[in-house]
Amino acid sequence: IQYSVKFNGLQSDDFQSNIGILAGDPASPHLWNIFLSDFKTSPHPHDPKLNNIPIPHLEQADDMALLSKSLHGLQIKMHELHHWCGVNFLLINIIKSLAVAVNSPTPSVKLKMGDACIKWTNEYCYIGTVFSAQKHNSFDTHYQTQAKKARNAANVILGLQTHVGAIAPAHGRTLYFARIDPYLTFGCEVCIDLRNSNLAMLQKVQNTFLRAILRLNPKSITAVLFSETNIMPIAYRRLYLALKFLAYLLSLPHSHYARIALDDSMALHSQHHKSWYSDLLQALQKIPLSEPLVLPPNPQSWSSQTASDLAKNLCTLCDKYLLSCLQHLRSRLPLLQGRTDKIDRNVYAPKGLLFRHYLHVDIYDH
């Protein structure tokens, strides 16, 4: 297979690939972005806007979403995409293409991509996140999907014990972060945990797995699962990652689309409307801590450093909260009281989150 690249009237020399198409090649994403860069839709009064900037379509590689606040506007964009693909020798996968009406009944009007009708749906998956158009919480199905995937991964890991014997806590912790944590945290930057029933599905998977690798019964004290393994409770970990994502957004220039979305979310909050930013603040205020987090007084007070510092502070307060839980249950956990651990050279202090040395003992009965 031979290739050449043509851009701005210049064309490269032919080069050959002896290993098939350049899928997975480091240059492929950049070449695709260049190839797609001339796709534009004509301005329409029903284009969605973020911070007064039209956002008519989104792309993640070749996964595209066309956006409009009207059927007419959406159909125009579909015609334009179909024409552009025809001119550029691309085929649209009609079977995988879906239309969805957000927060409104499914229309009876048929949308067409060329001569093919596009199927209407109430749920769709874009970049791994499942959106539910007709539910009160758009991410209910996403939580269910991720909890199921995490539970399946946990069952596979625990099932290995039939063949390899008991999994040591240290190895179980490694497998947890490799195979289970990615499912439990996927989409946490977008899906802020406000509904307890959704978060409970993820907590159940995490707690069940940690009890299994620590050989604890199903009604054991929950705080011990985290204080002994140095694994943050999933509610805190997801919120920590959301704050790190906020720090990233705040580091972007105001012309970046992701920063535009954040600015729009903050503007909605300032106007007393619900938004991603207001959900994040609410989640920070409701999560159990030994002392409240100090939040910036207004959206203008945030900076990337502020969000990063707040994420670190959340970890510190989570550690203190777990310590207070252990102290509150001192009558039931007398052996876990008064422990000090090495923090720095010649510095020892109590730690609420730490993988304990006794878990390295090879023989479990000991």
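In strand β8, Ala65 is the bridge partner of Leu58. The model is predicted, so that local features require pLDDT of at least 70 and side-chain atom pairs pLDDT 80 or more, while totals for chains, interfaces and linings use all residues. Numbering starts from 1 along each chain as its sequence is written, and side-chain values use heavy atoms, with hydrogens and water left out.

Strand β7 (residues 57-60) and strand β8 (residues 63-66) run antiparallel and are joined by four bridges; strands pair if DSSP finds at least two bridges between them. Strands (E, at least two residues) and helices (H or I, at least four) are DSSP runs, numbered from the N terminus. Two residues separate β7 from β8 in a hairpin, and Ala61 in its turn has a positive phi of about 55°.

Strand β11 (residues 116-120) runs parallel to β9, joined to β9 by two bridges, and Lys119 of β11 stands opposite Leu98.

Helices α8 (residues 234-251) and α9 (residues 257-270) pack at about 110°, their axes 8 Å apart. Axes are lines fitted to C-alpha atoms, for helices over the stretch in contact, and angles between N-to-C directions run from 0 to 180 degrees. The contact involves Leu246, Leu249 and Leu250 of α8 with Ala258, Arg259, Leu262 and Met266 of α9.

How values were computed. Contact means heavy atoms within 4.5 Å.
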